[in-house]
Amino acid sequence: MTDAAIPANVLGTLAAKFRTCPATGLKVDLAAERLIKANAVAAVVFLMIGGIFGLLVALTRWPAVHLLSSDMFYLVLTAHGLDVLLLWIIFFEIAILYFASAIILSSRIAAPRWGWVAFALMIIGGVMTNIAVLQGDSSVMFTSYPPLKAQPHFYLGLILFAVGALIGCFIFLGTLVIAKEERTYEGSIPLVTFGALTACIIAVFTIASGAIILIPTFLWSVGYISHIDTLTYKLVWWGMGHSSQQINVSAHVAIWYLIGAVTVGAKPLSEKVSRGAFLLYIFFLQLASAHHLLVEPGLSSEWKIVNTSYMMYLAVLGSMVHGMTVPGSIEAAQRKNGYTHGVFEWLRKAPWGNPAFAGMFLSLVMFGFLGGISGVILGTEQLNIMMHNTIYVPGHFHATVVTGTTLAFMAVTYLVVPLIFQRQIIWPKLARLQPYLFGLGAAGISVFMMGAGTLGVARRHWDITFPASDVMLPHGYPPMASLMMGLNGLSAILAATGGALYIAITVGSILFGKKVDASNAAASLGPMPKKIVRDAVTKYGDAGTWHLPGTYVLVALFFTTFVLYYFVNWKYLSELWPMQ
Amino acid sequence: MAIFPPQTRIWWNEPVAKAELVWIAVAFLWGLFMFFMMIYWHIYGKQNLSPVVGRIDPAVFEQRTSEFAEKFKVREEGNLGIPVAKPTAGGDAYMLARTFEWWPVLELEKGKSYKLHLSALDVQHGFSLQPINMNIQVHPGLEHIITLTPTEVGTFGVICNEYCGLGHHVMTGRIYVVEPGQGR
Amino acid sequence: MADEPRTESALPLERIPFMQRLLDNPFMLLFIGVVVPTVVYILWGVMEITQIPLAK
């Protein structure tokens, strides 16, 4: 610390205003709190808009309903991808970054004014791109592959949004620096903050990739550049498009740990192992952007194999480690809470009535079983030939981004509303139901789209019947494909109901919820497990206390499913026409 | 708890439980296996994407495809005026993608290998052979040469599965596969 | 250890292992997390794209 820095620090500390959280005892910087509120509200608004678009997409792809006209369908699909895959997720992540730095570390937030600049840029950018899409001349899909050309403000909006989000990332890093200098914590940052740091690092690469490719594309759209190489665009664009979903993975894993800690008192089984797993994410997770380029001409198999496998599956190793340590820490905590009977009493008697816990655990299981396994299959160079651009791909990423990330974000909202907005959740009974409703619907969307994809149904297709009246060379998918797309539509209705409920509960609670104060703070976080014995695992890395049979069973089940599904797909591949 | 700093100053040296180490080892080895599986398939598997790619002017590709269709045309598809080209077994076959068609229709013989030249004239398209479900990305300006061996007789649809514009869903093509020495 | 300043002058404290110091250094991690994908994914990929030969 330099001498010159001290007065500034002191001034900053004096200028920041804090309150003390009645539930956790943490010091809450009011400037950070306002920024978290703004970003979270913006996120929910874009989730609502994007969710409605998503429902319209699913209802159009349901052959019996076929709701929208083709032009409207492609417009709405572009807007759906943009609003949920980018705006909802990243606004919420910025809120998480501020929460995991300023709030969890009881620090003042760095440069709150810049936080508002970032927020304004993100809002202006998001709205601008939405307007471009809704005007109808920019139905180029979220990926906007040249030479398809959108209106210039489509790209400009995305660039402004990216710059805003990048500022948010640096505010997070700045807050880490301030917290360390002002000693608001001792030793290493908490695991949740470390997970958020992982998300932030991936976000920096993501946003930089987006800016690097979208700026020339913007210039191309206004005529300053004559040509954008299609393959280079795609390569760099996916540095953003796929890595942005890796921010999600890091963020929602951090949230799993957070909710486990708050609801059942879970402690990391081993700081070293959990942080090591996040470190593997930092190193290798972003390489998986290559998943979208596996059947591309012009890139070598060496490049494809190294990148698609996240450098020998080391990032998958990270996920598989979290897949054990998250349920493992919950089991350990529940066993210490007194639920020691049999293999699964800890799980049966977990607080399933608490929407934060229920949402988190559903997110964990479905992300692993549906999203994780399908992701590795899709990302296997040769297997991708059977799946590239089929609706299997959206099936996979709805499992990761919807049942995984979105459900985890919804779950944490049930803690954020009482802790940050200081309001109790209205309609607790409906809130209890919400994660199940949404989770079931989202799981249905994922599974049925993956099913249709294995039957060859293409993604981003208005009509899959190819009637002779419209198409010169008609083709028919197996009837089962239409059934799958119908079930997908029904699941989407279920998920949309769950999503609408989430928005109604969240907005209703923020506006009309009972104020949270010291008297009702603990109860506001929802039902918690009754502790039969006090205190969870007492020490980190206490190898002696390790006996987690339930987690071993879950992990073994996961691994068996993974291996079987992996080999089934190689068998299918071997039946394809030989191709060299 | 995960929301508080680690309790011990040096947590890196904490012992890790055996069960956790076992799982890490299993997951690591499985990852290695999956990695080498891709390499194995390149050596012993029969379904690998061809690395033969070259930059080409779309106009040149269009010219070559027209010449190919002219030379090997055996009939026209129905009364649509789309040529059906039957290349010599083992020889070159061309198919181009443009908004919104795959052109021309091909007729191939079962069990024979063909060098299929794929490219796009305008925007990106997705070559999706159905119901086989083989999917390959097609770029304008890149000629991709794939050695393909049909193994079953029948009528196969080629769907575009990369969004290419508002008529994306009407973009179809066709490949017929017949017994060697026979026509349709 | 609670109020011990974490400097090299704190004699009795055991030296923090390298990996823990790495994990406690956000900017080093940021550097690695940006450089690895930039080199392995983007630069290597762009190099291959620029080396695509002309079609015969």
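How many helices and how many strands are there in chain C? The model is a predicted one, and in it chain C has 2 helices and 0 strands. Of the 56 residues in chain C, 21% are buried. Chain C meets chain A through 20 of its own residues, which are in contact with 30 residues of chain A. On the side of chain C that touches chain A, the greatest contribution comes from helix α2 (residues 26-50) of chain C, with 16 residues. That side of chain C consists of 16 nonpolar, 2 polar and 2 charged residues.

Chain A may be taken next. Its secondary structure comprises 17 helices and 2 strands. For its 580 residues a compact globule would have a radius of gyration near 25 Å, and the value for chain A is 24 Å, which agrees. The C-alpha trace of chain A extends over about 70 × 60 × 50 Å along its principal axes. Buried residues account for 64% of chain A. Among the contacts in chain A with a separation of 6 or more, 86% are between residues 24 or more positions apart.

Several helices of chain A can be followed individually. Helix α3 (residues 70-103) of chain A has 34 residues, which at 1.5 Å a residue should span 50 Å; the C-alpha atoms at its ends are 47 Å apart, which agrees. Within α3(A) there is a kink of about 30°, centred on A:D83. Because 30 of its 34 residues are buried, α3(A) is largely enclosed by the rest of the structure.

Helix α4 (residues 112-134) of chain A contains 23 residues. From its first C-alpha to its last, α4(A) reaches 33 Å, close to the 33 Å expected at 1.5 Å a residue. Just after α4(A), A:G136 adopts a positive phi of about 100°.

Helix α13 (residues 355-378) of chain A also has a kink, of about 40°, centred on A:F367. This helix is mostly covered, with 22 of its 24 residues buried.

Where is A:I225 placed? A:I225 is in the loop between α6 (191-221) and α7 (230-241) of chain A. With 13 other C-beta atoms within 10 Å, A:I225 is partly exposed. When neighbours within four places in sequence are left aside, A:I225 is in contact with A:P216, A:L219 and A:W220. The C-alpha atom of A:I225 is separated by 49 Å from that of A:I259, a residue 34 positions away along the chain.

Chain B has 2 helices and 12 strands. From the N terminus on, its elements follow the order α-β-α-β-β-β-β-β-β-β-β-β-β-β. The radius of gyration of chain B is 24 Å, well over the 16 Å that the globule rule gives for 184 residues, so chain B is more spread out than a compact globule. Along its principal axes, the C-alpha trace of chain B spans about 80 × 35 × 30 Å. Buried residues make up 47% of chain B. Of the contacts in chain B between residues at least 6 apart in sequence, 57% join residues at least 24 apart.

Strand β11 (residues 154-160) of chain B pairs with two other strands described here. It is mostly covered, with 5 of its 7 residues buried. Strand β8 (residues 125-130) of chain B runs antiparallel to β11(B), to which it is joined by 4 bridges. In this arrangement B:S128 stands opposite B:I159 in β11(B). β11(B) also pairs in the antiparallel sense with strand β12 (residues 172-178) of chain B, over 6 bridges. Here B:G154 stands opposite B:V177 in β12(B).

The contact between chains A and B remains to be described. It takes 75 residues from chain B and 82 residues from chain A. On the side of chain B that touches chain A, at least two residues come from each of α1 (18-44), β8, β9 (134-138), β10 (142-148), β11 and β12 of chain B. The element that gives the most to that side is α1(B), with 14 residues. By residue class, the side of chain B that touches chain A divides into 41 nonpolar, 27 polar and 7 charged residues.

Methods
Residues numbered from 1 in each chain as written. Chains lettered and ligands numbered in written order. Predicted model: local features only at pLDDT ≥ 70, side-chain atom pairs only at ≥ 80, totals over all residues. Rg over C-alpha atoms; globule rule 2.2 N^0.38 Å. Buried ≥ 20, exposed ≤ 12 C-beta atoms within 10 Å, placed from the backbone. Contact = placed C-beta atoms within 7 Å. Pairing = 2+ DSSP bridges. Nonpolar A, V, L, I, M, F, W, Y, C, P; charged D, E, K, R; others polar. Bend = angle between axes of the 7 residues up to and from the residue. Expected span 1.5 Å × (residues − 1).
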